[in-house]
Amino acid sequence: MRPQPFYRLSYENRRQRLATRSHLTRAQLATIAAHRATADEDLIENYLTTYGLPEGVAVNLRVDGHDLAVPMVTEEPSVIAAASNGGRLLTSPQGITTTITQRELMGQIVFHHVADPDALAQWLLANQQRLLKVADAAHPSLLTHGGGARSIRVRQLPPDWVSLDLFIDVGEAMGANLVNTLTEAVAADIKLHRDEDILMSILSNYATHSLVTARCQVPVDQLKTKAIDGATVAQRIAAASDFAQVDPYRAVTHNKGIMNGIDAVVLAMGNDWRAVESGVHAYASRNGHYQGVSRWWVADGQLHGELTVPLALGFVGGATRVLPLVKVNQQLAQVTNARQLMGVTAAVGLAQNVAALRALVTDGIQRGHMSLQRKSLALSVGATPAELPAVVQRLAAITQPTMAQATAALQAVRQANLKK
Ligand code: MEV
């Protein structure tokens, strides 16, 4: 008899099978059990346990006139400190301002081996209104929420591909399933009228119709460090930004710093960070080579910053409905709709970026990171919150402390505590 498929096994049997196969110790099994959350069991296939990540809030952020504390979920020790530091650096009466001109998602119907691409393109464009109606009819409740299919675009790609792009206003939703439903309905309708080979129908995560721009402008003096005047720091930040326009090796790291902030907010808000990541990096390559998605320049004694990214974030639906912290996080950040969420997320990206660049072009990144790294090293060897300050203090004199040194420091702290 064939063994039962893994997904059909009871939770206990599944865990037992993995334990046997992977030689898990009792302690490892206990860790898995300790993090089990029954509410999560139906969210994914083959549920094992719940992998938690720390959540904190970035402070000092003024976005579109509101002073915000923005929840961020991240495992990287320095990220929230940098976002808060960046927010403080960008403090000005107007703070960071954001603009969103459009918020539409795109579904794509891909035709291949098209015998006459021009004729197909003409037919699709001539039938635009009918196709939009077919799309709307596939999800009528979207119309009642003010959304709906808005327009089409036809792209011909060599040698014989045609992509029908369907632009959809998904209201406040994340919208991936919705777009897929509408796109498949339109594809089915086209098949009734034309003998074409449709390869697939699917949402595109290259959200060029959901761009958000975050801008700021601060007096250069605000950027000074103990050793370097503000005008010099601002010039060096602008130079770092220029370099990220010309060198893809640097641009990737520059953008990684921005995504440290964006991903952490996207995660806290229950949105699809893989979609955001792939869309942002595609956007970074839109000019034919990979570039930084933010720009910094100096004019009139001010450092100006601007970041534009595709961020098709949703306020309702999907994981926002099932992850209990999302609603709390929306309230913490004082966001009440998808556009505000897009703005706040981009603003965090901009703040994150200026904090990283200022550190890089002045003291270097390690100095600020070290105390946080010592903390996470101490935690990783088992220090409790009460033991943390003493362990970190013992590690302070070591430039690059190792796990072994952290373990020794923890043991020394415990010995000292026993003697008290
Ligand atoms: C580290 O997580 C992020 C930075 O490397 C970003 C940057 O270099 O701009 C500090």
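The legends below describe close-up views of a predicted model.

**View A. Helices α9 and α10 pack against each other at an angle of about 150°.** Helix α9 covers residues 248-268 and helix α10 covers residues 273-284. Their axes are 10 Å apart. Angles over 145 degrees count as roughly antiparallel, so α9 is roughly antiparallel to α10. The crossing of these two helices, α9 and α10, is right-handed. On the α9 side, the residues in contact are Asn255, Met259, Ile262, Asp263, Val266 and Leu267. They meet Trp273, Val276, Glu277, Val280, His281 and Ala284 of α10. Sorted by class, the contact of α9 with α10 consists of 8 nonpolar, 2 polar and 2 charged residues.

**View B. The surroundings of the ligand include Glu76, Arg250 and Asn260.** Also around the ligand are Thr253, His254, Lys256, Gly257, Ala356, Leu360 and Ile365. In the side chain of glutamate 76, an N or O atom is 2.6 Å from an oxygen atom of the ligand. For arginine 250, a polar side-chain atom lies 2.7 Å from a ligand oxygen atom. Asparagine 260 has a polar side-chain atom 2.9 Å from an oxygen atom of the ligand.

**View C. Helices α3 and α13 cross at roughly 95°.** Helix α3 runs over residues 79-89, and helix α13 over residues 338-361. The two axes come within 7 Å. Angles of 65 to 115 degrees count as roughly perpendicular, and α3 and α13 are therefore roughly perpendicular to each other. From α3, the contact takes in Val79, Ala82, Ala83, Asn85, Gly86, Gly87 and Leu89. From α13, the contact takes in Val348, Ala351, Gln352, Val354, Ala355 and Arg358. Of the residues in the contact of α3 with α13, 8 are nonpolar, 4 are polar and 1 is charged.

**View D. Helices α4 and α5 pack at an angle of about 65°.** Residues 117-126 form helix α4, and residues 128-137 form helix α5. The axes of α4 and α5 are 5 Å apart. The two helices, α4 and α5, are therefore roughly perpendicular to each other. Trp123, Leu124, Leu125 and Ala126 of α4 meet Gln128, Arg130 and Leu131 of α5. The contact of α4 with α5 has 5 nonpolar residues, 1 polar residue and 1 charged residue.

**View E. A cis peptide bond joins proline 158 and proline 159.** The omega angle of this bond is about 0°. Proline 159 is in the loop between strands β5 (148-157) and β6 (161-169). Most peptide bonds are trans.

**View F. Asparagine 60 has a positive phi.** The phi angle of asparagine 60 is about 70°, although this residue is not a glycine. Asparagine 60 is located in strand β1, which covers residues 55-63. Most residues other than glycine have a negative phi.

Methods:
Residues are numbered from 1 along each chain as its sequence is written. This is a predicted model: local features need pLDDT of at least 70, side-chain atom pairs count only at pLDDT 80 or more; totals for chains, interfaces and linings use all residues. Side-chain values use heavy atoms; hydrogens and water are left out. Axes are lines fitted to C-alpha atoms, for helices over the stretch in contact, and angles run from 0 to 180 degrees between N-to-C directions. Helices (H or I, at least four residues) and strands (E, at least two) are DSSP runs, numbered from the N terminus. Angles under 35 degrees count as roughly parallel, over 145 as roughly antiparallel, 65 to 115 as roughly perpendicular and the rest as oblique. A crossing is left-handed if the near helix is turned anticlockwise from the far one by less than a right angle, and right-handed if clockwise. Contact means heavy atoms within 4.5 Å. Ala, Val, Leu, Ile, Met, Phe, Trp, Tyr, Cys and Pro count as nonpolar, Asp, Glu, Lys and Arg as charged, and the others, Gly among them, as polar. A residue is near a molecule or strand if one of its heavy atoms lies within 4 Å of it. A polar contact is a pair of N or O atoms within 3.5 Å; within protein, one must be able to donate a hydrogen and the other to accept it, and residues adjacent in sequence count only if both atoms are side-chain atoms.
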